[in-house]
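Here is a short report for a first look at this protein. Keep the structure in view while reading.

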Amino acid sequence: MRGYGRYNQCLLIVMIVMHMSLRLIAASNIYIPSYDDRYEEDIRQARTIKNYFKEPDDGLNYAQYHYVGAHAAEKYVRFFPEYTLQDQPVPSLLAIGVRGLMLSTYNWSLGWSSILREGVSIVCSNPSKESTVFRKNGKPLYQTLHYEMNRIFNFLKENQQAIITILFDDYSDSRKMSRDIREIIMKNDYDPLLKPSNWPHAQQKGEWPTLGWMRKNNKRLVMFTQTHDQHTDVTWPTKYYFWENMYGSIDENMACTEEKEFVSNAIKNNRSLVSFKCYGSVAANSTARNSKQCFEYYFAKNLTISCQNRKFADGKIFNVYWADHIINAVNALIKDGKKTVFDYVNELNSQNGK
């Protein structure tokens with residue numbers, strides 16, 4: 001029996017060593033671009049944040065997957081000090097449990113700095129408008145698609161159960177975006193994208209894979225474009241797959257109304273995903289700009305169920321619930337002893353997973 005006990009101890013030690021080795025291998029696969037001077041600082045900050053999202057079971061279908069989305073995820077104080085819509089960078093948003101990201105993209109202008117040797121075709125903030133820049137070696141440093149996507153890729157490498165959806169508000173050229181994404185994949189030696197060619201059933205019948213299939217095949221990043229309305233090798237057009245509600249108001253008469261798209265009924269019949277927006281317009285001081293209210297459990301539940309009863313999206317409940325200032329809203333609600341939208345999506349995923 002003593003020998004058996006020693007065997008179990010040795011086996012446990014071997015398993016621990018193997019686990020640590022696998023973590024080291026995963027960590028060694030982390031790619032940090034030469035211009036991302038803030039990466040380690042932001043990762044340390046993200047590690048202090050509590051995760052409120054429970055990754056759903058493998059059996060859940062992507063079309064029944066519910067998660068929280070960060071509207072304007074690129075607009076945090078580092079690059080948008082006067083136009084901040086999220087409180088911390090993307091790693092912190094992912095750490096708290098966000099699994100949807102809205103990102104804006106613009107074509108790189110030849111009139112801007114050429115210091116970056118990577119990501120010079122697409123930027124996530126338009127330097128000629130409301131964003132700010134940093135300086136490196138005396139030259140401006142802009143927030144590029146490479147900057148944010150590498151951070152997202154690294155999160156996926158370290159979190160094997162996570163499935164992330166991006167909606168690009170794409171003012172950039174689709175060919176340049178495809179080129180940038182292919183370069184990001186190459187530099188990371190890692191490809192987590194669910195591409196249109198990987199799953200033709202979505203295009204043909206509006207049917208999506210299970211989360212288990214996506215995890216097993218490492219197809220855990222789905223990227224949609226809101227402006228460009230054709231499939232590319234790496235992106236899906238939003239209007240073919242998502243119902244989207246009107247944003248800017250919490251009045252049910254508006255919030256439960258479809259954001260109008262000039263599309264045929266055949267396209268609408270293929271939609272099986274729902275995007276619900278609870279955020280206000282920057283140009284208007286609307287009630288939907290109250291992020292704490294939008295993110296409160298009972299408010300979100302009552303509003304979205306009311307929209308479901310009103311037959312928005314043919315009566316389907318949301319997949320992604322978008323909001324501003326998520327981290328501050330969660331912290332404020334938790335401090336008040338209240339539940340949040342994270343509790344709501346966890347509840348929905350648990351119900352659908354049975």
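Arg310 and Glu252 form a salt bridge, with their closest N and O atoms 3.4 Å apart. Arg310 lies in the loop between helix H12 (297–309) and strand E11 (320–323), while Glu252 lies in helix H9 (residues 252–255), so the pair ties together parts that are 58 residues apart in sequence. Arg310 is partly exposed, at 44% relative accessibility. Glu252 is partly exposed too, with a relative accessible area of 28%. Elsewhere, shared partners link salt bridges into one network of Asp36, Asp42, Arg78 and Arg151.

This is a predicted model. Its mean pLDDT is 87, and 82% of the residues reach 70 or more. One stretch needs care. Over residues 13–27, pLDDT stays under 50, and the model has 0 contacts there beyond four places in sequence. Where pLDDT is low, the predicted coordinates should not be read in detail.

**Overall build**

The protein has 14 helices and 11 strands. Of its 354 residues, 54% count as buried. The accessible surface comes to about 16,600 Å², and 51% of that belongs to carbon and sulfur atoms. Take the contacts between residues at least 6 apart in sequence: 74% of them join residues at least 24 apart.

**Salt bridges**

How many salt bridges does a search of the whole structure find? The search finds 16. Side chains of opposite charge can pair when their charged atoms come close.

| Pair | Closest N to O |
|---|---|
| Arg175 and Asp173 | 3.3 Å |
| Arg310 and Glu252 | 3.4 Å |

Lys239 is buried, with a relative accessible area of 19%. Asp229 counts as partly exposed, at 31%.

In the pair of Arg175 and Asp173, Arg175 is exposed, with a relative accessible area of 66%. Asp173 is partly exposed, at 22%.

In soluble globular proteins, nonpolar side chains tend to be buried together. The largest nonpolar core here has 88 residues, and Tyr62, Met149 and Trp208 have the most contacts inside it. Helix H4 (residues 145–158) gives the most to this core, with 6 residues. Apart from it lies another core, of 6 residues, including Tyr76, Phe79, Leu141 and Tyr147.

What does Tyr62 touch, leaving out residues up to four places away in sequence? Its contacts include Tyr67, Ile163, Trp208, Leu211, Phe224 and Leu273.

**Strand E10**

Leu273 also belongs to strand E10, on one side of it with Ser275 and Lys277. Why is strand E10 (residues 273–277) largely enclosed by the rest of the structure? Because 5 of its 5 residues are buried.

E10 has partners in two strands. Strand E9 (residues 242–244) pairs with E10 in the parallel sense over 3 bridges. E10 and E11 also run parallel, joined by 3 bridges. Ser275 takes part in both pairings: Ser275 is the bridge partner of Glu244, and Ser275 stands opposite Val320 in E11.

How values were computed. Residues are numbered from 1 along each chain as its sequence is written. This is a predicted model: local features need pLDDT of at least 70, side-chain atom pairs count only at pLDDT 80 or more; totals for chains, interfaces and linings use all residues. Side-chain values use heavy atoms; hydrogens and water are left out. A salt bridge is a side-chain nitrogen of Lys or Arg within 4 Å of a carboxyl oxygen of Asp or Glu. Buried means under 20% relative accessible area, exposed over 50%, partly exposed in between (1.4 Å probe, protein chains only). Helices (H or I, at least four residues) and strands (E, at least two) are DSSP runs, numbered from the N terminus. A nonpolar core is a set of buried Ala, Val, Leu, Ile, Met, Phe, Trp, Tyr and Cys residues joined through side-chain atoms within 4.5 Å. Contact means heavy atoms within 4.5 Å. Accessible areas come from the Shrake-Rupley method with a 1.4 Å probe; for residues, only the protein chains shown count as cover. pLDDT is the predictor's confidence in each residue, from 0 to 100. Two strands pair if DSSP finds at least two bridges between them.
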